[in-house]
Amino acid sequence: MFFHQDATFEALSIHRVGNKAQDEFYILSDAPVPLEGDEVLPGLLMQYFMSPFAKVNEVYRLYHPNEELDLNEVFYFVRQYFKEQLPFHDFSQQISKHLYEVSNHPKIKAGEVYVVALKNVQIEGEEHDAIGIFKSENKETYLKVYPEQGAFMLEYEQEAININKLDKGCIIVNVEEEEGYKVLVLDQTNRQQEAVYWKDEFLQVRVRNDHFNQTGNYLKVYKNFVQEKLEETFELEKADKIDLMNKSMNYFKEKETFVQEEFEEEVLGNPQAIALFQDFRAGFEDEFDSPFQASFEIADKAVKKMESSYKSVLKLDKNFHIYVHGKREYLEKGFDEEKGMNYYKVYFENES
């Protein structure tokens, strides 16, 4: 869990980074932004930079494909700063130049880069120093209405920034250096082609494989297994798939700790299906280099996040929806020869 309520700004530098592919350039400021004596600006900046991270649950690590962390430019410069080997403003300039070098997609927008030194950032119950790197790409027009000589006047400002809409950001917390620090990442860009550069090319991060990610990834893998793999071996009706999905969701909701053998027996039950799932799960672990633990603490927030994607509804033409929450044996499917149509028979005790 991330908290910023007690955090304070130590320094702020702003630069502008253009699109290298479009022959735009970067502009580096000569000095940090003075924050002393202003009682309003720090609060506005804290809202703009930090508030969007309140709902971020996934923790990342900086990494490099060659497993040499020093080859990750962001890690290299961040570590120099945290070890007081690189002054803050020089650090902010190096980070901005690196961002410019990876801004090669033709649709990446130019924008201001804000580099912030932070104190008393709390993550997972501990307070640490941190670095924030943020980029604003989208601008808006604002109207200002004010009274003047018995009437109201109107002004506007174009190319202004909405402090409730942060485009891109990351917070790198000064802890667990040898593992690539704890990193929170935010990217509001919807178009995947131009969004990928922030995480994959600029930061080079991968998800930390903690219990939140273990929980979410396991539910994703199981869902894909039921929807894609099981049909190759077993004849499954849509209601059977929903029942298997409900069983897994109920397991994660009711248990505090996940136990692999227990899950396979209670949810799948069939030895052939268990063997298929084990192979399917192993494929995911190899492809994403993200091994599952045989036992882990279940993260309730990850379960809630995945619950909406676990569909439990049978859609019958445009006339009926049947929501299946359990008791698969009370639902029968058949075919009426006279009408030439499929049907479902539903057993129940009480109507409400």
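This is a predicted model: local features need pLDDT of at least 70, side-chain atom pairs count only at pLDDT 80 or more; totals for chains, interfaces and linings use all residues.
Q: Why are H5 and H6 called roughly antiparallel to each other?
A: The axes of helix H5 (211–233) and helix H6 (238–254) cross at roughly 165°. Angles over 145 degrees count as roughly antiparallel, and therefore H5 and H6 receive that description. Their axes come within 10 Å, and the crossing is right-handed.

Q: Which residues of H5 and H6 meet?
A: The residues in H5 include Tyr218, Leu219, Tyr222, Val226 and Leu230. Among their counterparts in H6 are Leu244, Met245, Met249 and Phe252. Contact here requires heavy atoms within 4.5 Å.

Q: What makes H6 oblique to H7?
A: The axes of H6 and helix H7 (residues 260–268) cross at roughly 140°. That makes H6 oblique to H7, because only angles over 145 degrees count as roughly antiparallel and those of 65 to 115 as roughly perpendicular, with the rest oblique. The axes of H6 and H7 come within 9 Å, and this crossing too has a stated hand, namely right-handed. In H6, Leu244, Lys247, Ser248, Tyr251 and Phe252 meet Glu262, Phe263, Glu266 and Val267 in H7.

Q: What makes H5 roughly parallel to H9?
A: H5 and H9 pack at an angle of about 30°, with their axes 8 Å apart. That makes H5 roughly parallel to H9, since angles under 35 degrees count as roughly parallel. The crossing of H5 and H9 is right-handed. On the H5 side, Phe212, Thr215, Gly216, Leu219 and Lys220 take part; they meet Lys301, Ala302, Val303, Lys305 and Met306 in H9.

Q: How do you know that the buried residues of H9 lie on the same side of H9?
A: Those residues of helix H9 (residues 300–307) are Ala302, Val303 and Met306. They cover an arc of only 100° around the axis, which puts them on the same side of H9. An α-helix has 3.6 residues a turn, so residues three or four places apart point the same way. On the other side of H9, Lys304 and Lys305 are exposed, each having over 50% relative accessible area. The cover over the buried residues of H9 includes H5 and H6.

Q: How do you know that the buried residues of H7 share one side of H7?
A: Gln260, Phe263, Glu264, Val267 and Leu268 are the buried residues of H7. Their arc around the axis is only 95°, which puts them on the same side of H7. Glu261 and Glu265 are exposed on the face turned away from that buried side.

Q: What do the buried residues of H7 pack against?
A: They pack against H5, H6, strand S12 (257–259) and helix H8 (271–288). Just after H7, Gly269 takes a positive phi of about 75°.

Q: Why is S5 described as largely enclosed by the rest of the structure?
A: Of the 13 residues of strand S5 (residues 111–123), 10 are buried, so S5 is largely enclosed by the rest of the structure. A residue counts as buried under 20% relative accessible area.

Q: How do you know that S1 and S2 each pair with S5?
A: Pairing calls for at least two bridges between two strands. Strand S1 (residues 2–3) and S5 have two bridges, in the antiparallel sense, and Phe3 has Gln122 of S5 as its bridge partner. Strand S2 (residues 8–17) and S5 are joined in the antiparallel sense over nine bridges, with His15 opposite Val113 in S5.

Q: How many bridges join S5 to S6, and what lies between the strands of their hairpin?
A: S5 and strand S6 (residues 126–136) run antiparallel and are joined by 10 bridges. Ala117 stands opposite Ile131 in S6. The hairpin has two residues between the strands, and Glu124 takes a positive phi near 55° there.

Definitions and conventions. Residues are numbered from 1 along each chain as its sequence is written. Side-chain values use heavy atoms; hydrogens and water are left out. Buried means under 20% relative accessible area, exposed over 50%, partly exposed in between (1.4 Å probe, protein chains only). Helices (H or I, at least four residues) and strands (E, at least two) are DSSP runs, numbered from the N terminus. The arc is that of the directions from the helix axis to the C-beta atoms. Axes are lines fitted to C-alpha atoms, for helices over the stretch in contact, and angles run from 0 to 180 degrees between N-to-C directions. A crossing is left-handed if the near helix is turned anticlockwise from the far one by less than a right angle, and right-handed if clockwise.
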